[in-house]
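Hello,

Here is the structure I promised to pass on to you. Have a look at it first, and then read on for what turned up.

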Amino acid sequence: MNTKKNHPARRSKKQMLYQRPKSLTNVPMHYCAGCGHSLIHKVLAELMDELGIRERTIGVAPVGCAVLAYFYLKCDISEAAHGRAAAVATGIKRALPDRIVFSYQGDGDLAAIGMAETVHAANRGENITVIFVNNTVYGMTGGQMAPTTLVGQITPTCPKGRDPLTMGPPIRVCELLNTLDRPYYIERVALDGPQGVLAAKRALRTALTAQIDNKGYTFVEVLSPCPTYFRLSPIESLRFVKESMVPVFPVGVFRKEGVAIHA
Amino acid sequence: MAQQKPISPRVLMMGNEAVGEGAIRAGCQCYFGYPITPQNELTAYMAKHMLEHGRVFIQSESELAAISMVFGAAAAGARAMTSSSSPGISLKQEGISYLAGARLPAVIVNVQRGGPGLGGIDPSQCDYFQAVKGGGHGDYHCIVLAPASVQDMHDMTVEAFRLADRYRTPVMVLADGRLGQMMEPITLYAAPPPPVPAKPWALTGATKREARNIRSLFMAEGGLEKHNIILQEVYQQIKRTEPRSEEILTENCDYAIAAWGTCARIAKEVIQKARAQGLRAGLFRPITLWPFPSESLLALAGKVKALLVVEMNAGQMLEDVQLAVKDRVPVHFSGYPGGRVPTTSNMLSALTLMAQQFRGL
Ligand SMILES: Cc1ncc(C[n+]2csc(CCOP(=O)(O)OP(=O)(O)O)c2C)c(N)n1
Ligand code: SF4
């Protein structure tokens, strides 16, 4: 019980309750206010600290808003051409199998131009962790339609809203990858508030731990706010994730220990 | 005791396999490829032998993926390679541009076939421009080596790895379907692999050091310009040090054929035949297509009456020859586009025809 007297902050003036993860640099992030990327970076950095893997982790940054991830994460990071992050991660992991390798990709990068690389890395069961940031738009180039844009959602390239008959409905990547035999772990979480951040951290911990144990391919999709191109405030964006995205992209574990879980 | 392998054995090998064996002997640690004729035997050779040597082989989902896997492996400090033929090399241009931009060493083998488009599967030299003028987007060059025999296919693959590491740049071996498919006895490379230089940029995990990154993106003011200047300095250094060519019978020579790869190989026979007919013929063969051996060619231009460029394309190296000789000598051209390989008599008649125009001059 936190009475005023034994409140943690009172016990000692010097007690550290919260601080910047060691794996996160002190560089101000270029992300917009309320953007999910910064939260996912933080969670990833915390996990590198907690799992003690920063010094043997090699990441692959995407072409997308997170292209500069190497300025923020204090692990080795490679660039990849747009969409090719899973192939670059494959090359790194095969060359250095005892390192922890992740790719970090947006929905355009992973599910449009890089869909082939995504599916085949998963199908080979590469022992890598793929972090998929689904914000329903191409943030970096101005909020255009992505493979995950919701039906009716307005973007500069679907100004009347996404029409599923001519543009196709949104692609559910977790469900798609779950049809393959080799993935070890697939989960979708939603950054729709503090609970969502904790869920993302738990999912990423499961994924990275599985990789450390050489279990195989792990995939975490994070439904992530892009206030700028949702054209909503940061708070409204969280609501959009919860109320508009989650019904289309249900959260949960799709693959656990190599076994598909059917809802 | 492990049985000692015989040193430098002579073996009968197909060009594509000779490339594969060269790569293995050069210490190639990772090979990624996608099937395409006429280089399939190379991918199959690597599938068998890389795995036997405990090294990495992946049949990728596409050439885009293969070259990106090469990018990843090279970023991690490994000797990495991919191979393909013309349509597949077009797809690899994305990754080659990124390799050049990120200054990563890698080896790319193009066993050319006719184009454009799906073209055909017959041998061709139609990718000269693509190979030597950059190929992908941005201001860059690959070092381009042009083998003319199965022995060259083998040796130049080893050399390509050495050059890639020496200059931190992608190196292309530009062969063709004829060289890939033919069989010849060769002497296998028996020395230790070319030494791997220190790679203080490689991504190996930031153990007791600052984190590193590999990138071609430079967004800060002036950063990209600075990076391009560094690249150009490397290219200038390569241009000063690495141009290579071979000359045969160019002393007391009136008419020289300038040809590379398969055409140079045919020309070797043609100049002998021409000499037997009393025509003082010789051969200039660029071994490096980039950097182009312009100085040696210019020196030769001062000694001959005319040059005949022969290529299995519509005139690509021709332009570099014209630039190099600076109008000092007439340059004629005989081209075979669309997958046709000239015969010795084709080439001999082109040479005699040219010589006739200069008789009495
Ligand atoms: C080959 C190529 N095509 C297009 C682009 C332009 N481009 C850069 S990022 C991007 C899409 C990024 O969207 P997403 O992957 O969803 O990531 P986000 O920016 O939303 O995080 C595009 C199309 C490019 N850099 N390269
Ligand atoms: S555009 Fe969207 S995804 Fe990109 S930084 Fe801004 S909020 Fe984030």
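**Ligands, interface and sheet**

An oxygen atom of ligand 1 is 2.8 Å from a polar backbone atom of A:D109. Please keep in mind that this is a predicted model, so to speak of its contacts is to speak of computed values.

Let me stay with ligand 1 for a moment. It has 16 residues around it, and the closest are A:H37, A:C65, A:D107, A:D109 and A:G139. A:D107 places a polar side-chain atom 2.5 Å from an oxygen atom of the ligand. A:M140 contributes through its backbone, with an N or O atom 2.9 Å from an oxygen atom of ligand 1.

Next comes ligand 2. The residues that surround ligand 2 are A:Y31, A:C32, A:C35, A:H37, A:C65, A:N135, A:C226, A:P227, A:T228 and A:Y229. Helix α9 of chain A, residues 227-230, gives the largest share of the shell around ligand 2, with 3 residues. By class, that shell holds 7 nonpolar and 3 polar residues, and no charged ones.

Now to the place where the two chains meet. Chain B brings 35 residues to the contact and chain A brings 34. Together they bury about 2,500 Å², with 59% of that area coming from carbon and sulfur atoms. There are 15 residue pairs in polar contact between chain B and chain A, counting pairs with both residues at pLDDT 80 or more. On chain B, the elements that give two or more residues to the side touching chain A are β2 (30-33), β3 (56-59), α3 (63-75), α4 (86-102) and β9 (213-214). The largest share of that side, 8 residues, comes from α3(B). Sorted by class, the side of chain B that touches chain A has 20 nonpolar, 8 polar and 7 charged residues.

How many salt bridges are there between chain B and chain A? The count is 3. One to look up is the pair A:D76 and B:R209, whose side chains meet with N to O at 2.6 Å.

Strand β2 of chain A (residues 76-78) pairs with β9(B) in the parallel sense, over 2 bridges. Within this region, A:S78 stands opposite B:I214 of β9(B). The whole is an open sheet of 9 strands with mixed pairing, in the order β10(A)-β9(A)-β7(A)-β8(A)-β4(A)-β3(A)-β1(A)-β2(A)-β9(B). At the edges stand β10 (259-260) of chain A and β9 of chain B, each with a single partner strand, so one side of each has no neighbour in the sheet.

Finally, a salt bridge inside chain A. Over all chains the count comes to 31 salt bridges. In one of them, A:R84 pairs with A:E117, and the closest N and O atoms are 3.1 Å apart. A:R84 lies in the loop between β2 and α3 (85-95) of chain A and A:E117 in helix α5 (residues 115-124) of chain A, so the pair ties together parts that are 33 residues apart in sequence.

Happy browsing, and best wishes

Methods: Residues numbered from 1 in each chain as written. Chains lettered and ligands numbered in written order. Predicted model: local features only at pLDDT ≥ 70, side-chain atom pairs only at ≥ 80, totals over all residues. Heavy atoms only, no water. Contact = heavy atoms within 4.5 Å. Buried area = accessible area lost by both parts, 1.4 Å probe. Salt bridge = Lys/Arg side-chain N within 4 Å of Asp/Glu carboxyl O. Polar contact = N/O pair within 3.5 Å; in protein donor to acceptor, adjacent residues only side chain to side chain. Helix = DSSP H or I, 4+ residues; strand = E, 2+ residues; numbered from the N terminus. Nonpolar A, V, L, I, M, F, W, Y, C, P; charged D, E, K, R; others polar. Pairing = 2+ DSSP bridges. Near = heavy atom within 4 Å.
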